[in-house]
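Colleague: I am new to this one. Can you walk me through it?

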Amino acid sequence: MSPLFSSRRVTATPLDGVDAVFADLDGVVYAGPHAIPHAVESLNRVAGSLPVAYITNNASRSDEQVAAHLTSLGLSPTPRDVVTSPQAAMRLLAASVAPGALVLVVGGDGIVTELERGGYRVTRSADDAPDAVMQGFHPDVGWRQLAEAAFALNAHGGPGEPGGIPWIATNMDWTIPVERGIAPGNGTLVSAVHTAAGRFPEVAGKPETPIFDEARERFGAERPLMIGDRLDTDIRGANRAGIASLVVLTGIDRAKQVLAADAASRPDFIVSDLRQLHEPYPEIERRRGGVRVRGSEVRIEGRRVVIERDGDDPLDLLRAACAAIWENGTAIHALEVPERLYR
C-alpha cells in the first residue's frame with residue numbers, strides 16, 4: 001500500500017527496505033548538460049550502500065556515452081549501470097526477427113550500438129528492404145528519416161494494411177526537458193510516422209515494462225525504488241511493474257500534475273529534491289474527516305478542497321492535499337482547488 005495511504009514510522013525514509021534504486025535521468029539527475037541541484041551528492045550517498053541503475057528512455061546516446069556524461073557531473077557509474085530504452089527494445093526485436101536481420105534505424109548512436117552488439121545489420125534507407133524498423137529520439141531526426149520509416153512500414157501495402165514489418169519504438173515520451181525548457185520528445189516523432197503508416201509500434205521504454213524487466217534482471221533487484229519526474233512514464237511504468245515509486249518535482253511534472261494524477265500514475269513518495277531520499281518521510285494522518293501531514297491539514301467539503309492548516313512546509317501541504325483528493329475519488333476538474341496548492 002502506498003505510504004500516502006498508510007501509517008509509516010516517522011523515522012522511515014523512502015530508502016528503507018529497498019534493495020536497489022532505479023533513477024531516471026532527464027529531469028531527475030540533469031536538465032540538458034547540467035546537474036540538477038542536490039541530485040549528484042544524494043545519489044552518490046545512495047550508491048554507498050545500494051546499487052543505483054540509471055534508467056533512461058532517451059535513445060540518442062549509448063550507455064557508454066551516458067555513463068561518461070554522468071561521470072562528468074560527479075557520479076561514478078559504469079556503462080552496465082545505465083539501462084537504456086534501446087537495450088529494452090532489443091528484447092522486443094529478438095522476439096520478431098533473428099540476429100543478422102536488417103533493421104532500419106530512426107535515431108542515434110544508442111540504437112545503432114545495441115543493434116550491432118546484438119548481431120543485427122543497420123540501414124537508414126527503406127530501399128534496402130529492411131526486416132524491421134526501430135525508432136528512437138535524436139535531436140537531428142527530421143522529415144527525411146521519418147519518411148524512410150513510413151516507406152519501409154508501408155512497403156507491403158498501404159497505411160494500416162496487414163503484412164507490415166515489425167516496428168519498435170524505444171519510448172513514447174511526448175516531451176523532453178532540456179536546458180532551454182520543454183521540447184518535443186520521441187512520442188511526437190513516432191506519432192508523425194503513425195499518421196503515415198496507419199499503425200502503432202511496440203514500445204520498449206517507460207511506461208511499458210520491458211525496460212523495468214531489463215533493470216530488475218541485470219541488478220537482481222526484488223524491491224527497487226523508481227525515482228522519476230514524470231507521472232505518465234516513470235511512475236505509471238513503476239506501478240505497472242509492481243515497483244515502489246518516488247516523484248521528484250525537479251522536472252516535467254510539478255504540484256499541479258501530481259494533484260491531478262490518475263490512479264495508475266500516483267507515486268508512493270513525493271519529494272522536492274533528492275536530499276529527501278535520506279530524510280524521514282512524514283506520516284499521513286486521518287483526522288476529523290481530513291488528512292494531516294505534520295503541520296498541514298486538508299479536507300474535502302463537498303466539491304471544495306479546504307486547507308485547514310498550511311503548516312510550515314509547502315511540500316507537506318501538497319502531500320496532504322494529494323492524499324485527500326486521491327482518497328476522495330472525485331476527479332480534480334470537478335473540485336474547487338485553492339491556487340496555492342499548485343505552487
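**Helix crossing, strands and loops**

Modeller: Start with helix H3 and helix H4, which are oblique to each other. Keep in mind that this is a predicted model.

Colleague: At roughly what angle do the axes of H3 and H4 cross?

Modeller: H3 covers residues 85-94 and H4 covers residues 109-117. Their axes come within 9 Å. The axes of H3 and H4 cross at roughly 45°.

Colleague: Is the crossing of H3 and H4 left-handed or right-handed?

Modeller: Look at the contact too. Pro 86, Gln 87, Met 90 and Leu 93 in H3 meet Gly 110, Ile 111, Glu 114, Leu 115 and Arg 117 in H4. By class, this contact has 5 nonpolar, 2 polar and 2 charged residues. As for the hand, H3 passes H4 in a crossing that is right-handed.

Colleague: Which residue in strand S13 is the bridge partner of Ala 23?

Modeller: Ala 23 sits in strand S1, residues 20-23. S1 pairs with S13, residues 224-228, in the parallel sense over 4 bridges. The partner of Ala 23 in S13 is Ile 227.

Colleague: What covers the buried residues of helix H5?

Modeller: H5 spans residues 143-153. Its buried residues are Leu 146, Ala 147, Ala 149, Ala 150, Ala 152 and Leu 153. Their cover includes strands S6, S8 and S9, and helix H6.

Colleague: Is Ala 129 buried or exposed?

Modeller: Ala 129 lies in the loop between strand S7 and S8. Its phi is positive, about 55°, although it is not a glycine. Exposed means over 50% relative accessible area. Ala 129 has 56%, so it is exposed.

Colleague: What is the relative accessible area of His 38?

Modeller: His 38 lies in the loop between strand S3 and helix H1. Its phi is positive as well, near 75°. His 38 is partly exposed, with a relative accessible area of 25%.

Colleague: Which residues does a cis peptide bond join?

Modeller: Most peptide bonds are trans. Here omega is about 10°. The loop involved runs between strand S12 and helix H7, and Pro 207 lies in it. The cis bond joins Lys 206 and Pro 207.

Key. Residues are numbered from 1 along each chain as its sequence is written. This is a predicted model: local features need pLDDT of at least 70, side-chain atom pairs count only at pLDDT 80 or more; totals for chains, interfaces and linings use all residues. Side-chain values use heavy atoms; hydrogens and water are left out. Buried means under 20% relative accessible area, exposed over 50%, partly exposed in between (1.4 Å probe, protein chains only). Helices (H or I, at least four residues) and strands (E, at least two) are DSSP runs, numbered from the N terminus. Contact means heavy atoms within 4.5 Å. Two strands pair if DSSP finds at least two bridges between them. Axes are lines fitted to C-alpha atoms, for helices over the stretch in contact, and angles run from 0 to 180 degrees between N-to-C directions. Angles under 35 degrees count as roughly parallel, over 145 as roughly antiparallel, 65 to 115 as roughly perpendicular and the rest as oblique. A crossing is left-handed if the near helix is turned anticlockwise from the far one by less than a right angle, and right-handed if clockwise. Ala, Val, Leu, Ile, Met, Phe, Trp, Tyr, Cys and Pro count as nonpolar, Asp, Glu, Lys and Arg as charged, and the others, Gly among them, as polar.
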